[in-house]
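Subject: Handing over a structure

Hi,

Here is the structure I promised you. Please open it first, then read my notes below.

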Amino acid sequence: MVNKVNADIGVIGGSGFYSFLDDVTEVRVDTPYGPPSDSLFVGEVAGRRVAFLPRHGRDHHLPPHRINYRANLWALRSVGVRQVLGPCAVGGLRPEYGPGTLLVPDQFVDRTAARAATYFDGTPLPDGTVPKVVHVSLADPYCPTGRAAALRAARGRDWEPVDGGTLVVVEGPRFGTRAESLWHRAQGWSVVGMTGHPEAALARELELCYTSLTLVTDLDAGAETGEGVSHDEVLRVFAANVDRLRGVLFDAVAALPADAERDCLCTRGLGGMDPGIVLPQPLG
Ligand SMILES: [Zn+2]
C-alpha cells in the first residue's frame with residue numbers, strides 16, 4: 001500500500017536526519033519482499049521532496065545483516081524516488097582517515113556472506129510475474145552526479161572530503177579482527193562498513209542513482225593500537241558529527257538534478273533489458 005505521498009530523493013540513514021523537519025509525513029509502504037526497515041518519512045528539503053528511511057528502524061533494532069535491503073530500495077522507488085543518498089558509519093583503514101573523516105567512495109568490495117542481493121533471482125512475485133535473468137553492470141557502482149553534489153556540499157561547509165576510495169563491506173555485526181583489518185588495508189581499500197552492499201547494487205537494478213557518503217567513526221582494529229573498535233565509540237563519534245553531516249546531505253539534496261534531467265549511467269542500469277517484472281511506480 002502506498003499513500004498519496006511522493007518524493008523524488010531518498011535518504012537512507014538515521015532518524016537524526018529528518019526528526020527536526022517541520023512537516024514530515026509518515027508513509028507506510030509494503031513491498032513484494034516484505035516490509036522495509038520502517039515507514040518512510042517524507043518531507044521537504046530545499047524545495048525538494050525527500051523520503052527518509054531509517055536503515056536500522058527508528059529504534060535501531062535491525063543489525064546490518066538483517067536489514068531487508070530489497071524492500072528498502074523498492075519502497076523508496078514506490079513513492080517516486082529516483083536518486084538515493086546513503087550515509088553510513090565506517091571504520092577507517094588508514095591512519096590518516098581518522099574519526100570525523102568524510103569519504104565519498106567511488107568503489108566498493110563485497111565481503112558479505114548471506115544477504116538477498118538481487119531482485120533477479122527467478123523467484124515469482126506475488127503478482128505472478130517472474131524476474132528474468134539480468135546482469136547489471138556495476139563497474140562504477142555510484143552515481144557520478146550524486147558524488148559530485150556530495151563533494152561540493154561538503155566543501156561548501158568547510159568539511160574537506162576524501163574524494164574516492166574503496167568501501168569494503170563486511171557481514172558483521174561483529175567488528176573485524178586485526179588480521180582482517182590489516183588485510184583490508186593491504187589491499188589498498190579505504191574504509192570498512194556493514195551496509196554499503198547490497199544497497200548500491202539493488203539501487204542499480206532499479207535504475208536508481210545511488211551515492212554513498214561514509215563517515216569515519218573509528219580507526220579499524222588494524223589501524224590502531226589498544227582494544228580495537230567499540231560500539232560506544234562509534235555512536236559517540238557519529239552523534240558528534242550528525243549535525244554537519246545533515247547539513248551536507250541537505251545541501252547535496254538541493255544540488256541534485258531534477259529527475260527529467262538525469263543523464264547518468266544509473267538511469268540505464270538495466271541496459272534496455274526486459275526485467276520480466278514491473279519496477280515499482282508511484283501511484284500518485
Ligand atoms: Zn545517477
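Start with M194. This residue is buried, because 21 other C-beta atoms lie within 10 Å. A residue counts as buried with 20 or more other C-beta atoms within 10 Å of its own, as exposed with 12 or fewer, and as partly exposed in between; the C-beta atoms are placed from the backbone.

Two points on the source. This is a predicted model, where local features need pLDDT of at least 70, side-chain atom pairs count only at pLDDT 80 or more, and totals for chains, interfaces and linings use all residues. Residues are numbered from 1 along each chain as its sequence is written.

**The annotated sites**

M194 sits in the loop between β10 and α4. Helices (H or I, at least four residues) and strands (E, at least two) are DSSP runs, numbered from the N terminus. Leaving aside neighbours within four places in sequence, M194 is in contact with P64, V169, V170, G172 and P173. Contact means that the C-beta atoms of two residues, placed from the backbone, lie within 7 Å.

An unreviewed UniProt entry places a "binding site" feature at M194, D218, L219 and D220. UniProt positions are given in the numbering used here, feature names are shortened, and annotations may be inferred rather than shown by experiment.

Take D220 next. It lies in the loop between β11 (209–219) and α5 (231–255). D220 counts as buried because it has 26 C-beta neighbours inside 10 Å. Beyond four places in sequence, its contacts include G91, G92, L93 and G176. S181, V192 and V229 are also in contact with D220.

The unreviewed UniProt entry also has a "binding site" annotation covering S15, R55, H56 and T195. Is T195 buried or exposed? T195 is buried, with 27 other C-beta atoms within 10 Å. T195 is found in the loop between β10 (191–193) and α4. Neighbours within four places aside, T195 is in contact with R55, P64, I67 and C88.

H56 is in the loop between β4 (48–54) and α1. H56 has 19 C-beta neighbours inside 10 Å, so it counts as partly exposed. Not counting residues up to four places away in sequence, H56 touches S37, H61, L62 and I67.

**Two helix pairs**

Two packed helices are described by the angle between their axes and the distance between the axes. Here, axes are lines fitted to C-alpha atoms, for helices over the stretch in contact, and angles run from 0 to 180 degrees between N-to-C directions.

Helix α1 (residues 69–78) packs with helix α4 (residues 196–205) at an angle of about 40°. Their axes are 9 Å apart. That makes α1 oblique to α4. Angles under 35 degrees count as roughly parallel, over 145 as roughly antiparallel, 65 to 115 as roughly perpendicular and the rest as oblique.

Which residues in α1 and α4 meet? Y69, R70 and L73 in α1 meet P198, E199, L202 and A203 in α4. By class, this contact of α1 with α4 has 5 nonpolar, no polar and 2 charged residues. Ala, Val, Leu, Ile, Met, Phe, Trp, Tyr, Cys and Pro count as nonpolar, Asp, Glu, Lys and Arg as charged, and the others, Gly among them, as polar.

The second pair is helix α2 (residues 144–156) with α5. Their axes come within 8 Å and cross at roughly 130°. α2 and α5 are therefore oblique to each other. A149, A150, R152, A153, A154 and G156 in α2 meet V248, D251, A252 and A255 in α5. The contact of α2 with α5 divides into 7 nonpolar, 1 polar and 2 charged residues.

Most residues other than glycine have a negative phi, and most peptide bonds are trans. Now look at the exceptions.

A cis peptide bond joins G172 and P173, with omega about 0°. P173 is in the loop between β9 (166–170) and α3 (178–186). Another cis peptide bond joins H197 and P198, with omega about 10°. P198 has its place in helix α4.

H60 is not a glycine, yet its phi is positive, at about 55°. H60 is in the loop between β4 and α1. H60 counts as partly exposed because it has 13 C-beta neighbours inside 10 Å.

D158 also has a positive phi, near 55°, in a residue other than glycine. D158 lies in the loop between α2 and β8 (162–163). With 7 C-beta neighbours inside 10 Å, D158 counts as exposed.

Best wishes
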